[in-house]
Amino acid sequence: MNAKDSHAPQAIDHDELYDPDFVEEAIDTSDVDERDNVLAQPPKIELLYEDDHIVAIHKPAGLLVHRSYLARKERFFAMQMTRDLVGCHVFPVHRLDRPTSGVLLFAKSSDIARHLCEQFANHSIKKQYLAIVRGNMHEQGTLDYALKQEFDELGDKHVDPNKAAQEAVTDYQPLLNCELPFSSGRYPTSRYALIRLQPHTGRKHQLRRHMAHLRHPIVGDTTHGDGKQNKFFREHFAINRLWLIAKSLAFMHPVTQQVIHIETELEPEWLTIFEAMGWDDEQLSATASMTLS
């Protein structure tokens, strides 16, 4: 593990601005299996910000960003739902994995989309996530750990499987810890932490893979997580989701040149878990300022 104090912007290939390497959390094809439960009813998307050039929504967990040939049975997609909500075509400028909820940004024109993609490529957009992970954490740090690209058997069949690992950097900060008097494995108690994550790069499954590398996998991660912990959460709390949310996004508006900060609220199930963890209003209020610093 190596820490870096600064990260120089990488050269931009303008023909590849929509490549998942340049965007946050490329779409998770491993979670787009037709055996998965398909959403029967349209989920609720919340409009967080809109002007003449950009729009941001709260994407619920389980909703795909856009259509994919790997999800032929799906009926609802964030891009189409946002288009219908605001009454015009929208262009995606980054991605959130299907099971990840939170702030999702779109542009209303291809030109604005290109400007925003350049900001993502230059790592000048500030992204903050909250996650619940296995085990207590007491020290913050920066993980600079390169990741080999994960390939989908169908979608990436023409990609070189020997492609070198790509730079991946994530800041992590523990916010609250707890210990529950229930066994979820070989120990009589179960420990968890609420953490803040700030990715400086946008590799596929970066946050999930980095936390797994630190031996603090994100709860609910069926690809890189701890199966016993996932089962415990499903059965004990009767809630089945990935405990990762894109909490806020800050960027320079391509037209006004003003800094735009967009934040979303936690879904109700997070508050249910917080109560079960014993995190009271005073602790959460003290932590709130830390999550947005």
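Analyst: Happy to! Just after helix H5, Gly-278 takes a positive phi of about 85°. Helices (H or I, at least four residues) and strands (E, at least two) are DSSP runs, numbered from the N terminus. This is a predicted model: local features need pLDDT of at least 70, side-chain atom pairs count only at pLDDT 80 or more, and totals for chains, interfaces and linings use all residues. Residues are numbered from 1 along each chain as its sequence is written, and side-chain values use heavy atoms, with hydrogens and water left out.

User: Which residues of H5 are buried?
Analyst: In H5 (residues 268-277), those are Trp-270, Ile-273, Phe-274 and Met-277. Buried means under 20% relative accessible area, exposed over 50%, partly exposed in between (1.4 Å probe, protein chains only).

User: And where do they sit around the axis?
Analyst: They cover an arc of only 105°, so they lie on the same side of H5. That arc is taken from the directions from the helix axis to the C-beta atoms. On the other side of H5, Pro-268 and Glu-275 are exposed.

User: Switching to H1, what follows that helix?
Analyst: Gly-87, whose phi is positive, near 80°. Within H1, the buried residues are Ala-78, Met-79, Gln-80, Met-81, Thr-82 and Val-86. They pack against strands E1 (46-50), E2, E3 (91-92) and E4.

User: What about the largest nonpolar core, which members touch the most others?
Analyst: Of its 30 residues, Phe-106, Val-133, Ile-195, Leu-197, Met-211, Ile-218 and Leu-244 do. Such a core is a set of buried Ala, Val, Leu, Ile, Met, Phe, Trp, Tyr and Cys residues joined through side-chain atoms within 4.5 Å. Elements giving two or more residues to this core include strand E5 (126-134), strand E8 (190-199) and helix H3 (206-213). H1 gives the most, with 4 residues. There is also a second, separate core of 20 residues, which includes Ile-132, Trp-243, Ile-245 and Met-277.

User: What is Ile-260 in contact with?
Analyst: Leaving aside neighbours within four places in sequence, Ile-260 is in contact with Tyr-49, Leu-249, Ala-250, Phe-251 and His-253. Contact means heavy atoms within 4.5 Å. Ile-260 and Leu-249 are 11 residues apart in sequence and 8.1 Å apart in space, C-alpha to C-alpha.
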